[in-house]
Every structure is written in structure tokens, then in C-alpha cells.
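Hi,

Here is the structure I said I would pass on.

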Amino acid sequence: MLYQTVLMAGKNLLMLTMVLMAVIMTPAAIAAKVDISQFCPVLDGDWEGSAAKSGVAPRHVTTAAICSSDKRNLMLTVSRGDSNPNSEVWWFRAQGNDVLLTYTDGVGEDREQLFSLYQRGNSFTFLGKGQMNQRPALIRLRFEPKSSVGSKEEQASSGSWLWRQSAHYLDDDSEQYQLIRAIELRPVAQ
């Protein structure tokens, strides 16, 4: 009798654990590594919006995103108007299972960074280890659907994005990412 009671309690505990895991690990809550071909066509087009950095007044910028026909290359050009006197070019391209970014602003040397690309719900995040301000850092470039009001479904279909560039310095005890810059991407009215 005691054996059957323990066995039944064990089955109930297992069933409860499985239900909790299903609730906690829904597809929207899990970030999955994806290929750039899944992100590239989402951003293809012309965008406008504000760009803001800490301590600098927001400025209007335009961004052109060009996705290659094989969806393995994405080039983003951010216009002058932000804190840089020149346009910036962000060239993302497939490099095996990762994404290689080449960044140039027309002033300094080109910089390269290897990233992994993750998707969580409708958001995409490039995550890589590199240098920021001569310090070792985890660098995160996050693209999130943006809407001022509405449900998650409305946010995903609004067509606007928020591109957050942030870093977590590895020589710092903080567990937080520091926002470097954010760029609003709204479709350019035709």
C-alpha cells in the first residue's frame, strides 16, 4: 500500500513538472539560434526615425537596408545626422553558422565582429564577444518590433523596429547591459 502511494505521488510530481516546463518553455520565451536568411528579408527596405545616444540629443536619421538575393548578406546604411559626421555602413554576412559584421564610419579603420543570431518571438538579437571602448565586452544588437500602443500581434505587424546597441563589459561586476545607442526604424512613406 505504501509503495502504491509513493508511486502515485511520484507520477503526480512528474506530471506537474511536465506541465510547468511546458508553461515556462513556450516558444515565445525561448531564444533560438537562427540563420541570417531568416532576418535579412524582414529588414529589407528604407527606414527613418530618431537615433539617440546617452548624453546626446536625439537626431533624425534614415537607414537603408539591402538584403542580397540569396539572403546571406544584409547591408545597413545609417545616414549622417547621428553623432557621426559620415554615414555608417553595417555589413552582416553569413559566416558558417554565425554572422560576420564589418562596420565602417568613413573615419576610422573598418571593424569586424563575429556574432551569433538569435530569435525570440518576433525579436532578433546579434550577440558576440569583442572590444568596446578598448574593453572586453559582450556586444548585443537587438531588433525589436515597435509600437506605441496595442497588443503583441499589433506590434509585430506595425512594421516599425527599435534597434538597440548595447554592451556588457566583462571587466565589470555588473550583470546589466549598458545601452550605447538606439535607432528607431519606421518605414519611409512612399
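**What I found**

The protein chain has three helices and eleven strands (DSSP runs numbered from the N terminus: H or I with at least four residues for helices, E with at least two for strands). Before you read on, please keep in mind that this is a predicted model, where local features need pLDDT of at least 70, side-chain atom pairs count only at pLDDT 80 or more, and totals for chains, interfaces and linings use all residues. Residues are numbered from 1 along each chain as its sequence is written, and side-chain values use heavy atoms, with hydrogens and water left out.

*The chain as a whole*

Going from the N terminus, the order of elements is α-β-α-β-β-β-β-β-β-β-β-α-β-β. Of its 190 residues, 32% count as buried (buried is under 20% relative accessible area, exposed is over 50%, and partly exposed is in between, with a 1.4 Å probe and protein chains only). The accessible surface is about 11,700 Å², and carbon and sulfur atoms make up 55% of that (Shrake-Rupley method, 1.4 Å probe; for residues, only the protein chains shown count as cover). Looking at contacts between residues at least 6 apart in sequence, 38% join residues at least 24 apart (a contact is heavy atoms within 4.5 Å).

Strand β4 (residues 73-78) runs antiparallel to β5 (residues 88-95), and six bridges join the two (strands pair if DSSP finds at least two bridges between them). One of those pairings sets Asn-73 against Arg-93 in β5.

β5 in turn is joined to β6 (residues 98-104) by seven bridges, again antiparallel. Here Ala-94 has Val-99 as its bridge partner, and Trp-91 has Thr-102. Two residues lie between the strands of this hairpin, and Gly-96 takes a positive phi near 65°.

β6 is mostly covered, with five of its seven residues buried. Five bridges link β6 to β7 in an antiparallel arrangement, with Tyr-103 opposite Arg-111 in β7. That hairpin has six residues between its strands, and Gly-106 in the turn has a positive phi of about 80°.

Then go to Leu-117, which sits in β7 (residues 111-120). Leu-117 counts as buried because its relative accessibility is 1%. Leu-117 and Arg-142 are 25 residues apart in sequence, while their C-alpha atoms are 9.6 Å apart in space.

*Helix α2*

Which residues of α2 (residues 36-43) are buried? They are Ile-36, Phe-39, Cys-40 and Leu-43. These residues cover an arc of only 110° around the axis, so they are on the same side of α2 (the arc is that of the directions from the helix axis to the C-beta atoms). As a reminder, an α-helix has 3.6 residues a turn, so residues three or four places apart point the same way. Just after α2 comes Gly-45, with a positive phi of about 140°.

Lys-71 is not a glycine, yet its phi is positive, about 60°. You'll find Lys-71 in the loop between β3 (56-67) and β4, and with a relative accessible area of 37% it is partly exposed.

Asn-133 is also a residue other than glycine with a positive phi, near 55°. Asn-133 belongs to the loop between β8 (123-132) and β9 (135-146), and its relative accessible area of 52% makes it exposed.

Cheers
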